[in-house]
Amino acid sequence: MVRQLKKGLKAVQNLDLLKILSSEIQFELSSIPFQNAEYGSLGEFVMDLDKQHTKDVVLRRKCDSGEEVAISAIIGTPHYEKDLVFTRDVLMKVCMKKPASSSILQFDCEVYEETSKGSDFDIKNAYYLRSPTCLSSSIYRGPLFRELDIKLQDALKEYLIAKGIGVSLTNFLLSYLHKREQEQYVNWLRKGEVFFANNESHNQVSETHSA
C-alpha cells in the first residue's frame, strides 16, 4: 500500500513537472524578444565554430595585410538594467597574429548595449604573447589597460575597429548570442520534458504489469 502511494505521488510530481516544462517552452516560443535590437552583421568575418552544446562562438578573418584575426565570444552574466533590450553583456577575446609570426596580441573586451548606436565595446586587458602556448600566469603581460595613457587606450581601440570590430559586428554578437542562448534554454527544457515524459510512460507500463 505504501509502495503504491509513493508511486502515485511520484507520478503526480512528474505530471506537474511536465506541465510546468511544457508551459515554459510554449512561453519561450511565443515570446518575441529582442525585436527592437540592431542585428548587425559579420562583415568580413566567418563563423568558424558554433556548436549547440558549447557556450562560445569563434569568428575568424584574414586581412589583406595577411594578419589573422580570431574572436571568441561568450554571453556574460545578467545585469537586468532598465530600458535595455539585452540583459547581458558579451565577453569577447580578440587575438591578432602577424604573417610568419608565432606571437599573438590578445585583447579581452566587453561588448555592451549602447542605446544611441546599438552597441559598443571596451578593452579590459591587452596581452602580448610570444606564442599560443605561452599562457603561464608567471609571464608578465603588461600593465592594467585602464592604467595606460588615454591616447594609447583610444589608439588600440581604433586599431581593433580598423580590423573590422566595429558597431555592426558588436551588434551582431549581442543579438546573435542572446537569441542563441534562448534557443539553448528551450532545447534544455525539451530534454527535461522528454526525460520526465519517458519516466511517466515507464511508470504506466509498470503499473499495468503490476495489475
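Predicted model: local features only at pLDDT ≥ 70, side-chain atom pairs only at ≥ 80, totals over all residues.
Student: Let's start with the strands. Which residue in E2 is the bridge partner of Val46?

Tutor: Good place to begin! Strand E1 covers residues 46–49 and strand E2 covers residues 56–62; the two run antiparallel and are joined by three bridges. They form a hairpin, with six residues between them. In E2, the bridge partner of Val46 is Arg60.

Student: Now the second largest pocket. Which element gives the most to its lining?

Tutor: This pocket has a volume of about 210 Å³. Strand E3 (68–78) and helix H3 (167–210) each supply at least two residues of the lining. Among the lining residues are Ile74, Ile75, Leu177 and Tyr185. With five residues, the element that gives the most is H3.

Student: How many charged residues does the lining of that pocket have?

Tutor: Lys55, Arg88, Arg180 and Glu181 are all in the lining, and Lys, Arg and Glu count as charged. The lining also has four nonpolar and four polar residues. The number of charged residues is four.

Student: Let's move to the aromatic pairs. Why does the pair of Phe172 and Tyr176 count as stacked?

Tutor: The structure holds two aromatic pairs. In the pair of Phe172 and Tyr176, the ring centres are 5.2 Å apart. Planes under 30 degrees apart count as stacked. The pair is therefore stacked, because its planes are at 15°.

Student: Is Phe172 buried or exposed?

Tutor: Phe172 and Tyr176 are four residues apart in helix H3, so about one helical turn separates them. Tyr176 is partly exposed, with a relative accessible area of 23%. Buried means under 20%. At 13% relative accessibility, Phe172 is therefore buried.

Student: And how far apart are the ring centres of Tyr185 and Trp188?

Tutor: These two residues are three apart in helix H3, which means about one helical turn lies between them. Tyr185 is partly exposed at 28%, while Trp188 counts as exposed at 57%. Their planes are at 15°, so this pair is stacked, and the distance between the ring centres is 6.2 Å.

Student: One last thing: which residue lies over the face of Phe121?

Tutor: A charge sits over a ring if, among other conditions, NZ of Lys or CZ of Arg is within 6 Å of the ring centre. The charged end of Arg61 sits over the ring of Phe45, 5.9 Å from its centre. Over the face of Phe121, at 4.9 Å from the ring centre, lies Lys157.

Technical notes: Residues numbered from 1 in each chain as written. Heavy atoms only, no water. Pairing = 2+ DSSP bridges. 1 Å grid on protein atoms, 1.4 Å probe; cavity = no way out; pocket = protein on both sides within 12 Å on 5 of 7 lines; lining within 4 Å. Points joined across faces, edges and corners; volume = space filled by probe spheres on them. Phe/Tyr/Trp six-rings, centres within 6.5 Å; stacked < 30°, edge-to-face > 60°. Buried < 20%, exposed > 50% of the residue type's maximum accessible area, 1.4 Å probe, protein only. Lys NZ or Arg CZ within 6 Å of the ring centre and 35° of its normal.
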